[in-house]
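Please open the model in a viewer and keep the sequence panel at hand.

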Amino acid sequence: MALGNFSQVTEFILLGLSDTRELQVLFFTFFLLAYAMVLLGNLLVIVTVRTDPKLSSPMYLLLCNLSFIDICCTSVISPRMLVDLLSQRKAIAFEDCIAQLFFLHFVGASEMFLLTVMAYDRYTAICKPLRYTAIMSQQVCWVLVSACWAGGFIHSTVQTLLIVQLPFCGPNTIDNYFCDVPPVIQLACTDIYVTEWLMASNSGLISVVCFLVLVTSYMFILVTVRVHFTEGHWKVLSTCASHMMVVTLFFVPCIFIYLRPFSTFPSDKHISVIYTVFSPVMNPLIYTLRNSEVKASMWKL
């Protein structure tokens, strides 16, 4: 019996991305390199920001937290996935599955909130430069970061509590490479109509609202840049475009997967690769390599 005597299922079987041995070896090589890039890139950003006194503004504090979240997010999934790619039987205990699901949504929702705060920070810096230091002080920045983590924890706790109260007594095969809400609740031995909509309104609406706030912030930035256009604003336009590209890679797959009622599609696991692997790889590249101050500090380091 598993958690709280609600389930007869003691483990789940993950089907992974492919059952072809050659493809599994190819995927292992690719995801190992991607995981190494995420760790090295984001650790470099954290060390650079923490060791250079010049990088003490709220923008770099938020960037440092984003790098830490990316490390946590990819570490929840990648190590287990890499082991499974070399294993014949990809089994995960019920408790481990629930723990993976909890931590994934914890750091995932925290990242959504943090990206929204970062967009607001850029909006304040560009559209209200004279009031920036008053609006985004160090104290306010820490409060916002704490609120991001608290929001992620509350979101993940709600998701997990809705799942652990479901009975699991039948099939235990998950057509994915990690435990996520949609494929897991499909295995419950009960009517999940209400649970589906509760979870869709939770995860889906958070994704949509954060994405709309992000887009609105960048629209205000672009309007401000257009009205007060100077030669230096070409860099702002270029930076906004690259940031929107990364944000879109992260949010659109989440909206597609979590906003609808949880009828899973075979393509879901391939779409999940975008926000669990590609986005953490791209974040340190986009948010740091386009920033001259961070690059200069990295060279000094």
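**The nonpolar cores**

Begin with the largest nonpolar core, which has 64 residues; those with the most contacts inside it are Phe31, Leu62, Leu114, Leu115, Met118, Phe251 and Tyr287. Helix H2 (residues 58–85) gives the most to this core, with 14 residues. A nonpolar core is here a set of buried Ala, Val, Leu, Ile, Met, Phe, Trp, Tyr and Cys residues joined through side-chain atoms within 4.5 Å. Buried denotes under 20% relative accessible area, exposed over 50%, and partly exposed in between (1.4 Å probe, protein chains only). Helices (H or I, at least four residues) and strands (E, at least two) are DSSP runs, numbered from the N terminus.

The model is predicted: local features need pLDDT of at least 70, side-chain atom pairs count only at pLDDT 80 or more, and totals for chains, interfaces and linings use all residues. Residues are numbered from 1 along each chain as its sequence is written, and side-chain values use heavy atoms, with hydrogens and water left out.

Select Leu62 next. Neighbours within four places in sequence aside, Leu62 is in contact (heavy atoms within 4.5 Å) with Leu114, Val117, Met118, Asp121, Met136, Cys141 and Val145. Then display the second, separate core of 22 residues, which includes Cys97, Ile98, Leu166 and Ile192.

The expected span is 1.5 Å times one less than the number of residues in the helix. H3 is mostly covered, with 24 of its 34 residues buried.

Move on to H5, which has 27 residues and reaches 39 Å between its first and last C-alpha, close to the 39 Å expected at 1.5 Å a residue. Its buried residues include Cys141, Val145, Cys148, Gly151, Gly152 and His155. Within H5 (residues 138–164), select Ser156. Is Ser156 buried or exposed? At 0% relative accessibility, Ser156 counts as buried. Apart from neighbours within four places in sequence, Ser156 is in contact with Leu101, Phe102, Phe103, His105 and Phe106.

**The disulfides**

Show the cysteine side chains. How many disulfides does the structure hold? The structure holds 2 disulfides, each a pair of cysteine sulfur atoms within 2.5 Å.

Centre on the bond from Cys97 to Cys179 (S to S 2.1 Å). The torsion about the S-S bond of Cys97 and Cys179 is about -120°, so this disulfide is left-handed. Cys97 lies in helix H3 (residues 94–127) and Cys179 in the loop between strand E3 (173–174) and helix H6 (181–185), so the pair ties together parts that are 82 residues apart in sequence. Both Cys97 and Cys179 are buried.

Next, select Cys169 and Cys189, which a disulfide joins (S to S 2.3 Å). This pair links distant parts of the chain, 20 residues apart: Cys169 in the loop between H5 and E3, and Cys189 in the loop between H6 and helix H7 (193–227). Cys169 is partly exposed, with a relative accessible area of 42%, and Cys189 is also partly exposed, at 31%. With the bonded cysteines numbered in sequence order, the pairing is 1-3, 2-4.

Finish with Cys72 and Cys210. The sulfur of Cys72 is 8.6 Å from the closest cysteine sulfur, in Cys73, which is too far for a bond. Cys72 counts as partly exposed, at 21% relative accessibility. Cys210 is in no disulfide, and the nearest cysteine sulfur, that of Cys148, is 8.6 Å away. At 6% relative accessibility, Cys210 counts as buried.
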